[in-house]
Amino acid sequence: MIAIVTAGGFAVGMLTSFGQAVLPFEMASLANSAGAWSLAAFLLCLCNAVPSRGLLLGFLALAGMLAGYFVATELRGFPTGRSLVLFWGVAAIVVGPVLGVGAAWVRGTERRRVAAGAAAIAGILVGEGAYGLTIVAGTTSPVYWALQVVLGLGIVIGLSATRLREPASIALCIVLTAVVAAALYLAYSSL
């Protein structure tokens with residue numbers, strides 16, 4: 001499991017670097033999006049149902065992405081800035097474990113944990129998508145950002161209909177998604 005998540009992260013990182021050169025304008029933000037890497041890490045961590053193991057797997061997924069991106073970017077003949085390595089290194093340490101535990105919780109049966117786990121990734125997608133649609137809209141296509149918001153909301157709606165199915169758990173998922181989205185939006189706005 002550790003090798004799969006790390007190798008999967010490495011592959012996503014490499015694809016990101018190459019994607020920066022080939023994606024069409026409408027989807028170019030996919031290769032420059034924290035939401036895309038967060039979603040990939042979350043999906044890689046769904047192979048695990050143990051929250052304590054998710055702490056490590058989430059870190060390894062994002063660290064693997066950073067390593068893969070670094071290697072592919074160097075192979076393409078471009079430098080990798082220290083600020084990028086620092087940002088994603090911190091993200092791997094701070095956000096990675098949250099995504100790993102969230103993925104494990106989504107696999108579980110306790111509805112409040114499913115709600116919280118889903119809100120972690122949904123909030124990231126909605127928050128970054130909203131930032132993309134409002135703050136960087138002048139230099140990027142709204143297509144990717146709108147799709148990211150729709151995907152984040154789709155996670156909340158889909159899990160509410162299939163797994164949560166009780167008002168308290170659904171409300172928890174909605175509120176936590178809004179909190180994560182707002183926090184990410186404000187954090188991005190302060191950069």
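Start with Glu 128. Beyond its neighbours within four places in sequence, Glu 128 contacts Ser 33, Ala 34, Gly 35, Ala 36, Trp 145, Gln 148, Leu 184 and Tyr 188. The model is a predicted one, so please read every value I give as computed from that prediction.

Glu 128 sits in helix α5, which covers residues 111–134. What about its charge? Glu 128 is buried and makes no salt bridge. The nearest side chain of opposite charge belongs to Arg 76, and that is 18 Å away. Since a salt bridge is counted only within 4 Å, Arg 76 at 18 Å is no partner for Glu 128.

Ser 29 is in the loop that joins α1 (2–22) to α2 (34–45). Is Ser 29 buried or exposed? Its relative accessible area is 7%, so Ser 29 is buried. Not counting residues up to four places away in sequence, Ser 29 touches Thr 140, Tyr 144 and Trp 145.

Now the charge pairs that do form. How many salt bridges does the structure hold? There are two. One joins Glu 110 to Arg 112, with the closest N and O atoms 3.3 Å apart. Glu 110 is partly exposed, at 33% relative accessibility. Arg 112 has a relative accessible area of 56% and is exposed.

The other salt bridge is between Arg 111 and Glu 166, with 3.1 Å between the closest N and O atoms. Arg 111 belongs to helix α5, while Glu 166 is in the loop between α6 (142–164) and α7 (167–189), so this pair ties together parts that are 55 residues apart in sequence. Arg 111 is partly exposed at 30% relative accessibility, and Glu 166 is partly exposed with a relative accessible area of 30%.

On to the cysteines. A search of the whole structure turns up zero disulfides. Cys 173 is in no disulfide either; its nearest cysteine sulfur is that of Cys 45, 18 Å away. Cys 45 is buried, at 0% relative accessibility, and Cys 173 is buried with a relative accessible area of 0%.

Next, the surface. Ile 2, Leu 56, Phe 59, Leu 86, Val 90, Ile 93 and Val 94 make a nonpolar surface patch of about 630 Å². Which helices each supply at least two residues of the patch? They are α3 (51–75) and α4 (82–107). The most comes from α4, which gives four residues; Val 94 is found in that helix.

Last, Gly 96, which is also in α4. Gly 96 counts as buried, at 0% relative accessibility. Leaving out residues up to four places away in sequence, Gly 96 touches Gly 54, Gly 58, Phe 59, Leu 62 and Ala 91. One of those, Phe 59, is part of the nonpolar patch. From Gly 96 to Ala 7 the C-alpha distance is 15 Å, with the two residues 89 apart in sequence.

To recap: Glu 128 is buried without a salt bridge, two salt bridges do form, there are zero disulfides, and α4 gives the most to the nonpolar patch. That is what I have for today.

How values were computed
Residues are numbered from 1 along each chain as its sequence is written. This is a predicted model: local features need pLDDT of at least 70, side-chain atom pairs count only at pLDDT 80 or more; totals for chains, interfaces and linings use all residues. Side-chain values use heavy atoms; hydrogens and water are left out. Buried means under 20% relative accessible area, exposed over 50%, partly exposed in between (1.4 Å probe, protein chains only). Lys and Arg count as positive and Asp and Glu as negative; His and the chain ends are not counted. Contact means heavy atoms within 4.5 Å. Patches are made of residues with over 30% relative accessible area and no salt bridge: like charges are joined within 9 Å, nonpolar side chains (Val, Leu, Ile, Met, Phe, Trp, Tyr) within 5 Å. Accessible areas come from the Shrake-Rupley method with a 1.4 Å probe; for residues, only the protein chains shown count as cover. A disulfide is a pair of cysteine sulfur atoms within 2.5 Å.
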